[in-house]
Amino acid sequence: MDAQFYTSDVTRITGVKRNRLQVWLDKGWIIPSIQKAQGQGTRNIFSLHDLYIIALFRKLVEIGVPRKFVGMCTQELFKYPLLGLFLTSD
């Protein structure tokens with residue numbers, strides 16, 4: 001089974017503050033690929049791939065790239081696992 005990360009793990013590992021992550025989730029810029037919370041009592045569950053995208057999102061925003069633009073880019077990245085780029089046998 002692949003690694004699973006909860007919001008507390010994401011904030012600890014990536015350094016993104018909880019409320020900032022929630023805004024990104026609300027806007028649809030970040031999408032948990034394992035499970036999206038569906039109301040009270042449910043949790044977002046993120047994959048390792050998601051953590052890479054969140055860390056990339058944070059870094060791009062820190063250097064001044066507009067959040068809206070980064071959000072559009074990350075929506076595409078969620079469709080294609082980054083790790084797959086490095087594991088091909090070409």
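**Thr-7.** I started with the contacts of Thr-7: leaving out residues up to four places away in sequence, Thr-7 touches Arg-18, Leu-21, Asn-44 and Phe-46. Contact here means heavy atoms within 4.5 Å. I noted that Thr-7 sits in helix 1 (residues 7-14). Helices (H or I, at least four residues) and strands (E, at least two) are DSSP runs, numbered from the N terminus. I then looked up burial: Thr-7 counts as buried because its relative accessible area is 16%. The cut-offs are under 20% relative accessible area for buried, over 50% for exposed and partly exposed in between, with a 1.4 Å probe and protein chains only.

**Ground rules.** I'm working on a predicted model, where local features need pLDDT of at least 70, side-chain atom pairs count only at pLDDT 80 or more, and totals for chains, interfaces and linings use all residues. Residues are numbered from 1 along each chain as its sequence is written, and side-chain values use heavy atoms, with hydrogens and water left out.

**Overall.** I find five helices and zero strands in the protein, running α-α-α-α-α from the N terminus on. Buried residues make up 32% of the 90 residues. I also checked contacts between residues at least 6 apart in sequence: 56% of them join residues at least 24 apart.

**Val-10.** I stayed in helix 1 for Val-10. Its relative accessible area is 0%, so Val-10 is buried.

**Ile-45.** I moved to the loop between helix 2 and helix 3, where Ile-45 lies. Ile-45 is buried because its relative accessible area is 9%. Not counting residues up to four places away in sequence, Ile-45 touches Gln-4, Phe-5, Tyr-6, Pro-32, Ser-33, Ile-34, Gln-35 and Asp-50. I took the C-alpha separation from Gln-4 too: 6.3 Å, for residues 41 apart along the chain.

**Rings.** I found two aromatic pairs. In one, Trp-24 and Phe-57 are tilted, at 4.2 Å centre to centre and 45° between the planes. Rings of Phe, Tyr and Trp (its six-membered ring) pair if their centres lie within 6.5 Å; planes under 30 degrees apart are stacked, over 60 edge-to-face and the rest tilted. Trp-24 is in helix 2 (residues 18-27) and Phe-57 in helix 3 (residues 48-62), 33 residues apart, so I logged the pair as a link between distant parts of the chain. Both Trp-24 and Phe-57 are buried. Ring pairs link Trp-24, Trp-29 and Phe-57 into a cluster.

I also have the charged end of Arg-43 over the ring of Tyr-6, 3.9 Å from its centre. The test is NZ of Lys or CZ of Arg within 6 Å of the ring centre and within 35 degrees of the ring normal.

**Helix packing.** Last, I looked at helix 3 and helix 4 (residues 67-77), which pack at about 160° with axes 10 Å apart. Axes are lines fitted to C-alpha atoms, for helices over the stretch in contact, and angles run from 0 to 180 degrees between N-to-C directions. That makes helix 3 roughly antiparallel to helix 4 (under 35 degrees is roughly parallel, over 145 roughly antiparallel, 65 to 115 roughly perpendicular, the rest oblique). On the helix 3 side, I listed contact residues including Ile-53, Phe-57 and Val-61; on helix 4, they include Val-70 and Thr-74.
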